[in-house]
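Work through the following exercises with the model at hand, reading each task before turning to its solution.

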There are 2 protein chains.
Amino acid sequence: MNLKFLETFIWVARLKSFSLAAERLNTTQAAVSHRIATLERELGIRLFERDSRDVRLTPLGIDAREHAERIVRLAADFRRRMINPASLTGTVRIGVIDTVVYSWLPTLIERVREAYPDVVLELNAAITPEISEDILDGRLDLGLMNGPVDAPGLVNRQLCTFACQWVASPALAVPDGPLEIEDVARFPILSFPTSSSRHGSVVGYFQRSGIENIRLHTASLATLIRLTTDGVGLAAIPTVTIEREIASGALRILPVRTEFPAISLYAMYLEMEDRPLPPLIAQMAADCATAFCASRDPADAW
Amino acid sequence: MNLKFLETFIWVARLKSFSLAAERLNTTQAAVSHRIATLERELGIRLFERDSRDVRLTPLGIDAREHAERIVRLAADFRRRMINPASLTGTVRIGVIDTVVYSWLPTLIERVREAYPDVVLELNAAITPEISEDILDGRLDLGLMNGPVDAPGLVNRQLCTFACQWVASPALAVPDGPLEIEDVARFPILSFPTSSSRHGSVVGYFQRSGIENIRLHTASLATLIRLTTDGVGLAAIPTVTIEREIASGALRILPVRTEFPAISLYAMYLEMEDRPLPPLIAQMAADCATAFCASRDPADAW
DNA sequence: GGTCTCGAGGAACTTCAGGTTCACCGGAGG
DNA sequence: CCTCCGGTGAACCTGAAGTTCCTCGAGACC
């Protein structure tokens, strides 16, 4: 019995397909078929019921899966704990959303450099749905993004939550004092890229209050901030990412009654026997996020 | 990472020697060296401190050993639970002491035949020290004997305890009524083979009462029973092994004040990744022993 | 009904991890 | 100083596992 075989078994069970599991494990479908057949022969039991339609676990297989997952998890844990950080090498491809870039990402990069001097980070700023797809398709190793995302085998690790506030340039003619959501909707709204999860929050925010006709502009966070400081409109942004603009007076927080929902950041990766780094870096990210929140107003970040 | 490598690591840690571990694992010392080196390279840490004197675990190695044992145990457990009994084949070499032969061994053989039809049992009756040595040297797979025995990697599983009573032939001129230990010592004493653990009990029994000069004869249990029924002397024997002789009146139990110590039976085997049968048969032996005790006077067997 | 597609399984060949053999080395001990 | 003992390193070998390619069976679609 072999850990790789158990891992293969788990992936076939998760994805209910030999060929998808093969793809995920970077091997051929025949190899997966062979591994499962070997396991079944070794144990003398049938793990999967196959027909041309799909692949299902047998009752014994369901049992076996639980055991197998425990063993593989324990083995991964062993590696993670025992491995010497200095000996880790290679490249980790990380997908990040802008919110992370503008909060604790620099700290994380610094800490990774210190802890794993021979590890190269390849950072890709993108939006959550793109990142999660890239992780599932093996183009990225780790995502730092909105969550959680539910997909077979995807580990979601919560990092922190950031409060969002409506902000505007002081130059913009926004009345002083408490604002209703309708007051906000009179201005152009600057939102995140159309297919991003954050864009959905903005649209949902107004829909819940029955407001339909809003003027929406979309852009990435950096551009958003720039446009907002330029007085193009209002934006709901995690306050921790615009500390400088608020301090300098380039942006001011608007006291809107209907609170904009906070966003939760997650680290995500596929648990793989031969890739110890993603969970380790996810752990560091959690540490960085916690440290970051501790140094901020608990109303803004927790 | 590979379960076989972890198992090798554990054995080197247990035996504190590469070559002994190699012997135990039926491979060459170079292979063991290679496996450890691979593990150490993979983890980037040193697991053992070697010098010409001996092999010791490093502090990190001590940590690793605990994790490794947990993983290997879980994997063995997985096999044991999932494996289809009907698919098990091969020969299991079992060492048994006579007490087991004369109590529940036939039941065990029957049950094994039913549960594992393709498994061949090779039985060897011997005394405890011989059996345990044969297990440690790989000449036997399982022992059913006195215990416990403490040796690295040896699993001791308690099965049952049998009370021992002094018995004699009614033909022998043993006075009726309660006997003192000194009364017993006046007769020739029939004991177990000199190097057996049971022989030690007999000698110790008299020594504790300060009795030195006893006439001792030694033989295996079967011969012992025969000699005792023939009136050669007295013997302290597990009552459950001489039920027939007592029922027929060939032997009678002597009411000796100083109780002879009961004996505990254990199943013993070396936990090995690729040998699922010994623990399974040990489990069946425990079941047989429990059933056997349940059908006897709880004062005789428990 | 023919045929197209999709996924599992099987056969033959290839690859490489891991094993074996053997020479070497360093310390202990006569 | 020599020898023994036990671990290491290197070269070569073996076999388990992987790859490639083919077959097969079951829908799905025309």
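**Exercise 1.** Find which charged end sits over the ring of A:F292, and give its distance from the ring centre.

*Solution.* The criterion is that NZ of Lys or CZ of Arg lies within 6 Å of the ring centre and within 35 degrees of the ring normal. The residue that meets it at A:F292 is A:R296, whose charged end is 4.1 Å from the centre of the ring. In chain B, the charged end of B:R198 is likewise placed over a ring, that of B:F192, at 4.2 Å from its centre.

Before going on, note that this is a predicted model, in which local features need pLDDT of at least 70 and side-chain atom pairs count only at pLDDT 80 or more, while totals for chains, interfaces and linings use all residues. Residues are numbered from 1 along each chain as its sequence is written, chains are lettered from A and ligands numbered from 1 in the order in which they are written, and side-chain values use heavy atoms, with hydrogens and water left out.

**Exercise 2.** Describe the salt bridge between B:E271 and B:R80, and state where its two partners lie.

*Solution.* A salt bridge requires a side-chain nitrogen of Lys or Arg within 4 Å of a carboxyl oxygen of Asp or Glu, and here the N to O distance is 2.9 Å. B:E271 belongs to the loop between β12 and α12 (277-294) of chain B, whereas B:R80 is in helix α4 (residues 59-82), so the contact ties together parts 191 residues apart in sequence. (Helices, H or I of at least four residues, and strands, E of at least two, are DSSP runs numbered from the N terminus.) As for accessibility, where buried means under 20% relative accessible area, exposed over 50% and partly exposed in between, with a 1.4 Å probe and protein chains only, B:E271 is buried at 18% and B:R80 is partly exposed at 22%.

**Exercise 3.** Determine how many residues of strand β12 of chain B are buried, and which strands pair with β12(B).

*Solution.* Strand β12 (residues 263-270) of chain B is mostly covered, with 7 of its 8 residues buried. Two strands pair if DSSP finds at least two bridges between them. Strand β5 (residues 142-146) of chain B runs antiparallel to β12(B) and is joined to it by 4 bridges, with B:M145 opposite B:Y266. Strand β6 (residues 154-162) of chain B also pairs with β12(B) in the antiparallel sense, over 8 bridges, and there B:T161 stands opposite B:S264.
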